[in-house]
Amino acid sequence: MKQPVVNCPRCGRIVIWTNANRYRPFCSERCKMIDLGEWAAESYRIPEAEKQEGEALKDEE
Ligand SMILES: [Zn+2]
């Protein structure tokens, strides 16, 4: 069975779309949380999210 593949909306990494990947369409929990964090920040401007923004966006690669 061929598995569908998507690109992580956050970093563009290739993600295999399976039930085992609980973070789909993101590649990892990190990308998911960053994306949700930005969405939440835009909607509600949570002070805590703003405080951690610099760290969350730091690229470890
Ligand atoms: Zn990603």
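Visitor: Which residues are the protein donors of the zinc ion?
Guide: Donors are N, O and S atoms within 2.8 Å of the metal (3.2 Å for Na, K and Ca). Here the donor atoms are SG atoms lying 2.3 Å from the zinc ion. They belong to C8, C11, C27 and C31.

Visitor: What kind of coordinates are these?
Guide: Residues are numbered from 1 along each chain as its sequence is written, and side-chain values use heavy atoms, without hydrogens and water. Local features need pLDDT of at least 70, side-chain atom pairs count only at pLDDT 80 or more, and totals for chains, interfaces and linings use all residues, since this is a predicted model.

Visitor: What is the geometry of the zinc ion site?
Guide: Four donors count as tetrahedral if all angles lie between 85 and 135 degrees. The 4 donor atoms of the zinc ion make angles of 103 to 118°. The site is therefore tetrahedral.

Visitor: What spacing do the donors of the zinc ion follow along the chain?
Guide: The donors are C8, C11, C27 and C31. Along the chain their spacing is C-x2-C-x15-C-x3-C.

Visitor: How many residues apart are C8 and C31?
Guide: C8 sits in the loop between β1 (5-7) and β2 (14-16), whereas C31 belongs to helix α1 (residues 29-44). Helices (H or I, at least four residues) and strands (E, at least two) are DSSP runs, numbered from the N terminus. The pair links distant parts of the chain, with a separation of 23 residues.

Visitor: Are C8 and C31 buried or exposed?
Guide: Relative accessible area decides this: under 20% is buried, over 50% exposed, and partly exposed lies in between (1.4 Å probe, protein chains only). Both C8 and C31 are buried.

Visitor: Why does T18 count as buried?
Guide: T18 is located in the loop between β2 and α1. T18 counts as buried because its relative accessibility is 17%.

Visitor: Which residues does T18 touch, not counting residues up to four places away in sequence?
Guide: Contact means heavy atoms within 4.5 Å. With residues up to four places away in sequence left out, T18 touches Q3 and R24.

Visitor: Why is V5 partly exposed?
Guide: V5 is part of strand β1. V5 is partly exposed because its relative accessible area is 49%.

Visitor: What pattern does the protein chain follow along the sequence?
Guide: The chain has 2 helices and 2 strands. Read along the sequence, they give the pattern β-β-α-α.

Visitor: Of the 61 residues of the protein chain, what percentage count as buried?
Guide: C8 and C31 are both buried, and T18 also counts as buried. For the protein chain of 61 residues, the buried share is 16%.

Technical notes. Tetrahedral: all angles 85-135°; square planar, octahedral: opposite > 155°, others 65-115°.
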